[in-house]
Each structure stands twice: as C-alpha cells, then as structure tokens.
Amino acid sequence: MTAKEIRESFKQFFASKGCTIVPSAPMVIKGDPTLMFTNAGMNQFKDIILGNVEKKFSRAADSQKCLRVSGKHNDLEEVGHDTYHHTMFEMLGNWSFGDYFKEEAISWAWEYLVDVLKLDPKSLYATVFEGSEEEGLERDNEAAAIWERFLPKDHILNGNKHDNFWEMGDTGPCGPCSEIHFDSRSEEEKAQVSGRDLVNHDHPQVIEIWNLVFMQYNRMANGSLEKLPAHVIDTGMGFERLVRTLQGKTSNYDTDVFQPIIKVIGALSGKTYGEDEKTDVAMRVLADHIRTIAFAITDGQLPSNAKAGYVIRRILRRAVRYAYTYLGQKEAFLYKLIPVLIETMGDAYPELIAQQELIVKVIKEEEDSFLRTLENGIKRINAIMDDTKAKGRTVVNGHEAFTLFDTFGFPLDLTELICRENGLTIDEEEFNQNMQAQKERARNAAAVENGDWVEVKAGTPKFVGYDFLKSETEILRYRQIKQKNKTFYQIVLAETPFYGEMGGEVGDRGYIEADGKKVQVIDTKRENNLPVCITTALPEDVTATFTAVVDEEARIATECNHSATHILDYCLREVLGTHVEQKGSLVTPDSLRFDFSHFQKVTDEEIRKVEHMANKIIRQNIQLEEHRDMPISEAMSMGAIALFGEKYGDTVRVIKFGPSVELCGGCHIPSTGQIGMIRILSESSVAAGVRRIEAITGQKVEEMLDGQQDLMRSLKETFNNAPNLVATIKNMVAENAEVKKQIEQFKREKEVELKKQFLAGASEINGIKVVRIGGDLEPDSVRNIAFQLRAENQNLVVVAGTAFSGKPMLTVAVSDDLLSHFNASNLVKSAAKLIQGGGGGQPHFAQAGGRNCDGLQTAVGTIIDAIKG
C-alpha cells in the first residue's frame, strides 16, 4: 500500500465504526496561549474534552499534522540521526467523547492492524499501566484483560507512569494508556532476543506505532486526581511509522513519504543516499524539515525572532546548516524542494498548492539571509581560533562557542567540526553551563503558576459583547495565577460583554461591580475557547450578582480599527490584485497593523489609491451587515474571504461592509462613517512576499493632522512666513552644505599647519622621533594628523592626549619601520585605564576613549615611558 492508500484506509475503517471524519486542524495554534503548535491529534478537541463547548459528535477520526521539537524523544538536534523521529509528522487518531471506551478502542485497533492491514500478530506487543502506589492507582487490569483475548500474556507488558500514564499538562484530563509496539526484525534476530525485552528501549526496529489513551481522571493543581464525569478515548498512531511497517522498511525515510524528496535532494546536490552516514543524516534532516517549514508558512506562521516564528526559523536554519556543511550547498537550496513536496502531499493538503508561491519566496529569502549570517559566523570562528592559538591554547572558550550558537545559529557540532579541522577542541562543559543558564532564564521568565479552578456556579459562559457593553452577570469560576512574582485572577463570567483577545484583536478592559465595589478588569484573554477576565483582585463576595462594564471608549476605538482592516483588505485587493491575502493583524484602540501577501514594495501612489478608496467607503457610511451562525457553504457563496491557517466550523459569522465580505469573530462598528478617516502611516516588509501596513483612524488621525498643522505653522514662522517654504528650505540646505564644505576645507588647511608645528616640536627618545599632540582637537583631526605623520616619516611615533568636549582620548601611531619594536594597540591599552576608559586598534594605529580628563597627562607619560623602555 502507498502512503496515500494507508491514510485513506484508516479514515474509511473508522468511518465504518460511526466516527465523523474531521479535517486536520492547522499545525500553528492561534487561540490557545498554552500551545504554539498542534503537538497531538487531540489538540483540536481540547475544548470538547474540557467541557467548554458542546460536542457536535461523540465519535471522531482524522489525520492531523503535528509538530514536536521538545519533550520525550523530540529533541530537535536529534532529528535526522535516527530512522523514526520527526519534527512535523501526521497523527492518525480516533476519539470518543463519553461514548465507547477501552473495549472498543482496543478491539478496533486490533481489527484494523491485523484484519485490515494484515500485520503479523506475532510481531505485536501491547503495554498497560502497571499502577502507581504514590497515586493510589492499581494496574490497568481492565485493559490487560481485553488484550489477553488477542495476545499471549508474554506479549502484554507492564509500563510505568512515565510511559503509560498520559497527561494533557500539569493539570487537566489524564489517564492510563496502552501502547502498541511492532517488532520488524528478522526471524533470526527475534530468536536471539525476544521483542518484549526491547519494547521502550529505543531499539530502531522495535517501535511504538499506536497509543491508546483512556482518559479517566482530572489532575488538580495540588497534584490529586479526580474521576472525570465522562470518559474519553484519545488514540494516536504515527502515520510515518505505520507506513514504514506496512512497506517492510527499516527506516521511515525509506518509505514513499520521504523517498521522493530524498531523491530530489540527491539529484540537486550530486550526492547519493546510502553511501555516507553524514550525508545521509543531512538528507534526512532536509527531507524532514522542509515539510515542517512549508506547512508552518501555509498555516500563516512566518519565520521570525519570537515565539512560534523563532521555532520555525530555528528549524529552517538547521536545515540550511546541514545543506551547507554536508551537501556543499553554499547558495539557497531548500526552496527547490517545494515542487516535490507538493507532488507527494498536495492531494491530502491542498493548501500547499494554493500557497506555493509564498512558501518558495519566504524560504528562499530566509536561506539567503542565513547564508550571509553563516559567512559572518565563520569569520567569527576564525577570529576565535586565531586568538586561542595566539594564547598558546588548544581549547576554545565554551562561552565563545555558546555566543556563536546564540547569535549566529551555530550548533555545537558545527563549531566542533570547524575547530577539530584546525586542531582545536571546545570546552563543552562551559558551553552546557551557558546553555542551561539561558534555559533557566527563559523558564523563569515564562513560568506561570496556575491554581485550580474554583467553581462558583455551574453553567456555560455566553458572550454578549457584540450587542451590549454592559450586562448583569455572575461568576461561574475563578482561579489564582502567579507570574513574575505578581498575583492575578482569572474570572469566567456567565454572561460577559468582555471580548477575549483573538484574531489579532486585543481583549477588552473595564470593570465588574457589586454593592458599589468595583474590581478592574485589566485585560481579557481567551483560554480553551473561554473568555477569561484578568484582574489583580478578587471580589469580596464571588457569589454576588455583578454588573460587567466594558471600557466603551477603548472598545469603540478598537472596533473602528478592526472594521478599517476589513476595508483596507478589500481596497488592497482592488488596487494590487486578488493575490493579496491577509497574513496577520493587530487591532488595538490606538492603531491597526495589517500584514498581507504581496511580492514587492507598495508604491506611494498605490498607498494613496488605497487610502482614497478606503476613505470613500467610510464617507458612504455603509451599514454593517452581520450574519451569525451562517452555514460556511453559504458564506463562501457570498464571496466571504477566509484565512489560510484558520479552522472554521460548520457555521460561521460573516461581516459585510458593502463590497467587503469576511469571516470574522471580532467586534465591529455599526457603520463605516463612525471610523471617521483612515491614514496609512507606514508600509514595510515583514518577510519574503509579506508586506505590513500600519495605520490609524478617527481621533488619532485628527491628532496627527493637528500635529502636522502645528509643525507647518512653526516652520513657516521659523522661515519668516516665506511664500514658497519648500524652495526656501532647499536653498538653506544647499547653503548649509556649501558652508560645511568650506569649514572642512579650512579644517584640512588647519591640520596641515598643526602637523608642521607638532613635527617641529618633536623630541627624540633613544634615537626615535616622538611627536606629542595635545589640546582640544576633534578626534577626526587627531586621526588625520597622526596618519599623515606616520605615512610621511620614518622612525616616528605619535602620542596624542586630547580632550574634546570634556572627553579624553589617547591616540598612538607608529611608522611602518618601527612595527617590529612597538605595537600601538598595546601602548594604548596599557594607559587607557588611567583615563577610566578602554580601546585598541591595530599595531600601526590605535585609540582609546575615557571619562577622566585629569588622568590624561599621566596616561601620556606612561606611553612615553614605555617607548623609553
């Protein structure tokens, strides 16, 4: 069976069991602050499992694209070195939400693997949770008893809490799990060592292919377990591992999932897979990473220096490093793999085809940029190695190696490789200490301590903020959180007018009030699809009835900016073309930011066209047409614009302002006239093929125009109300340039005179002519005079101690014939501390600045003494 056939057979099998087949959620997560990427098939069902939303089905199955770069067996730096771990992978899964449980989950897994896929049952092993005394949990005898109907007892193994008790996080749903392992070794190998002795021992041919999770408990913040009211089944099977097993391969990379990509890598690089281990690792790294990078970009996550964008940039740069070091690719290479990736995965994931041009451009620009960084890093390595050798050492400082990793993206192995080729090693222990210190800093900065939710009243929260900015409500639940030594409270209201941050729109602020006492809501976030109010205090009586009030001025300003982004989106498509697609946005009360796909700079003329068209729509005062819970098919037939990387349900909300029609869950102004006016402040590049517009609306435009008007008035007054202000300023600039030129000419002439005076006053020390320079000369003049003197004379040293604008400076210049006797840099460094400064340079010329003018003459004397010897 081909990979495509295997994926389809899984869906068909579970559809026959009454499961709803759902599409893959985006790999990049946007609505959950606890996750950056989908790392398991269950992520998109998290709200159902937590009971935050009503379930639309009780059984489901899918093939989910996932990304893991940390955690058990998922260290990014290890990917490519073995045969079965990946960054991006597909997870085949089936779920039950309060419907079937262990009996069906295990028996169906067996039926699919053995009866449908025809796997040899003698090569299968199952693990069950052995129990935990500290948790007060017994062995999962229920699961073991079901497995005994299919497997001999010696193929059923006990697993510890680490391997066989699955948890969503520090708190939340959890339970025992049962892993299914497959032994793909030869019969001779099986006869020598039993497969049961190799399960969960990282043997490359005895691997886990399916994990059946039985969620029975809820982990509380204090570590205790409570039983879940409704059991959940969550299974996950690694698609790439299953394909490998069925195709009789010993490596995931030998299957038709990866081989087409690896063959293209070989053809483009002139290398052959299987001939050299280092080359093979590089090819596996590229084949794995190109999938991750392409899917992330498709889902709207561009490489950047922050959060999820940093993870993608790190993965991309790792691939570039391997291509550079082991495949000899000194120019952009990865982007050439996109056509074969689309050929192998485009049918299952058509978004790759739709976004091909953007993916290629983003990857190529990132490659070009990092290759330049690599060159700079290699120069830095060379300088470090030269310095190490000059000091008579053979071990490179671990801190320097870490700086290379942190600044230039050089992993330790690449730095070690280059150093080893030059007869050097690295202080790996010091490197690891620096790495650990950085991880601790990051962990402490991001550490959030969450308490348990305290339920005040049962119920499901309802958002009423589209229609009301004030409502009577009650607290459903709350909890305390601590971050950076500060205490906050998260409060979930029964009816809430507060919009939780989502879709680029910031959360509402305001207050809740009861019995005349107000508690300020400083922000509203969205967690697990719940609008959660953030406060710094808890109401005295959490059971009271509250009035929830949104900050009206801030909300209306935000609505104006959000509606303005929709209008700008429409106008950009009209002016630049229909290839324009939203790639991100930020909407606050003060301004808006809109990122969109476009492959060149937007000209000033085009920006003006967009502005004029947008402001015309505003002046028409078009009324908002809002359609809630509209079937998505109907919305799309209306021409509504959907965003790549967003997962929409069966029903959606449509926002329409005349010709602008978009799917959107945010807050909007009732009519365009209330926006007042749009003014675009800037247009810039965010990444290859992605531009950014920043703009303001309404009152902020008025404030900006007032400021510009005041500036013009001030300028006119400055230039005596000249009738043609632009011409007057241009004339003044020209005159100023001419005066500057004359001043520079005067300075050069003055320098010639001073040079003659200083040379005439030179003293002789041990047969060497020493020229001393003092006074309050500008540093540039000192430099020019010193360079001229050393170039025009032999057997000469220039020693300058000057103070310009109260800042002391030491300068030393040495004529070429004396460089074997004196080093200007060393002379300056030895005296710089006397002026409380530092500096250096080259053997023939060096300077040092400082803070203490009083020490200047002593410092000059120290240099003279050094010359005297």
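**Strand pairing and helix packing in a predicted model**

In strand 21, Ala-548 is the bridge partner of Ser-471, and five bridges join this strand (residues 545-550) to strand 15 in the antiparallel sense. Helices (H or I, at least four residues) and strands (E, at least two) are DSSP runs numbered from the N terminus, and two strands pair if DSSP finds at least two bridges between them. The model is predicted, with local features needing pLDDT of at least 70, side-chain atom pairs counting only at pLDDT 80 or more, and totals for chains, interfaces and linings using all residues. Residues are numbered from 1 along each chain as its sequence is written, and side-chain values use heavy atoms, with hydrogens and water left out.

**Around strand 15**

- Strand 13 (residues 454-455) pairs antiparallel with strand 15 (residues 470-483) over two bridges, and Glu-455 stands opposite Arg-477.
- Eight bridges link strand 15 to strand 16 (residues 486-493), again antiparallel, and they form a hairpin with two residues between them, where Lys-484 in the turn has a positive phi of about 50 degrees.

**The open sheet and its helices**

- Six strands form an open sheet of mixed pairing in the order 29-30-31-32-34-33.
- Strand 29 (763-765) and strand 33 (838-842) stand at the edges with a single partner strand each, so one side of each is left without a neighbour in the sheet.
- Helix 22 (residues 779-792) lies across strands 30, 31, 32 and 34, running at about 175 degrees to strand 31 (axes are lines fitted to C-alpha atoms, for helices over the stretch in contact, and angles run from 0 to 180 degrees between N-to-C directions; contact means heavy atoms within 4.5 Å).
- Helix 24 (residues 856-868) packs on the sheet, touching strands 29, 30, 31 and 32, and its direction makes about 170 degrees with that of strand 31.
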